[in-house]
Amino acid sequence: MRVVLAEDLYLLRDGLSRLLQAHGLEVVAAVESGPELADALAEHHPDVAVVDVRLPPTFTDEGLRVALEARREMPGLPVLVLSQYVQQLYARELLADGTGGVGYLLKDRVFNAEQFVDAVRRVAAGGTAMDPEVISQLLAGTGRESTLSRLNPRELDVLALMAEGYSNAIIAQRLFLSEGSVSKYTTTIFAKLDLAASNDINRRVLAVLAYLNGIGP
């Protein structure tokens with residue numbers, strides 16, 4: 001798996017590069033600014049981009065802007081955004097095109113190596129990896145007046161963990177359910193959200209996007 005990494009702090013950039021390489025991922029470029037990120041994405045067409053929101057020269061949302069533009073140029077480019085804190089606007093912009101291959105993690109999560117690498121792999125595979133705090137703040141900004149009202153509390157619990165990127169097996173452990181029960185819940189969720197039978201990975205992504213955007217698919 002080929003990764004482009006953008007982080008302006010040298011020690012963190014070097015540490016993330018070493019971490020990813022230690023887990024068998026190839027870091028084809030590790031850059032520190034928005035323009036360098038744009039060039040690296042255009043040159044390498046990576047399997048996934050891991051991007052700090054704030055990069056030089058603006059130190060505002062340079063990293064996110066470059067990543068979003070790259071997704072427009074390379075539809076479906078998987079992007080995992082890292083940030084010090086949650087910005088609802090950033091998260092919603094990342095989700096706006098309605099496709100998978102997106103993630104938004106707080107940098108605190110990076111210190112758990114296994115969770116971080118797992119998130120990178122999930123995003124690269126076209127899934128989602130949303131920080132629980134990101135989910136909480138996104139949902140605080142919506143009245144949920146939508147097809148989500150069709151879901152009961154337990155189904156919403158399952159969908160919330162799907163949004164974090166967990167498999168049915170992990171969701172079952174978290175909610176003290178059998179894996180078979182979780183599978184039944186996910187099937188019901190797909191039906192209630194009017195997600196026609198297709199590739200289950202795609203349906204999971206569509207369900208998650210509906211959940212995070214507070215709108216129907």
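This is a predicted model: local features need pLDDT of at least 70, side-chain atom pairs count only at pLDDT 80 or more; totals for chains, interfaces and linings use all residues.
Visitor: Why is Asp 52 called buried?
Guide: Its relative accessible area is 4%. Buried means under 20%, so Asp 52 is buried.

Visitor: What does UniProt list for Asp 52?
Guide: An unreviewed UniProt entry lists Asp 52 under "modified residue: 4-aspartylphosphate". Such annotations may be inferred rather than shown by experiment. In the model, Asp 52 belongs to strand 3, residues 48-52.

Visitor: What makes Lys 107 a contact of Asp 52?
Guide: Contact means heavy atoms within 4.5 Å, and Lys 107 is in contact with Asp 52.

Visitor: What puts the buried residues of helix 8 on the same side?
Guide: The buried residues of helix 8 (residues 168-175) are Asn 168, Ile 171, Ala 172 and Leu 175. They cover an arc of only 105° around the axis, so they lie on the same side of helix 8. Just after helix 8, Phe 176 has a positive phi of about 55°.

Visitor: Which residues have the most contacts inside the largest nonpolar core?
Guide: They are Leu 37, Leu 41, Leu 159 and Tyr 211, in a core of 56 residues. Helix 7 (residues 153-163) gives the most to this core, with 7 residues. A second, separate core has 19 residues, including Leu 16, Leu 20, Val 48 and Ala 119.

Visitor: What does Leu 37 touch?
Guide: Not counting residues up to four places away in sequence, Leu 37 touches Val 4, Ala 6, Val 31, Val 51, Leu 55, Gly 63 and Val 66.

Visitor: Why is Glu 155 called buried?
Guide: Glu 155 has a relative accessible area of 4%. The cut-off for buried is under 20%, so the term applies to Glu 155. Glu 155 lies in helix 7. Beyond residues up to four places away in sequence, Glu 155 touches Arg 150, Tyr 185, Thr 188, Ile 189 and Lys 192.

Terms used. Residues are numbered from 1 along each chain as its sequence is written. Side-chain values use heavy atoms; hydrogens and water are left out. Helices (H or I, at least four residues) and strands (E, at least two) are DSSP runs, numbered from the N terminus. Buried means under 20% relative accessible area, exposed over 50%, partly exposed in between (1.4 Å probe, protein chains only). The arc is that of the directions from the helix axis to the C-beta atoms. A nonpolar core is a set of buried Ala, Val, Leu, Ile, Met, Phe, Trp, Tyr and Cys residues joined through side-chain atoms within 4.5 Å.
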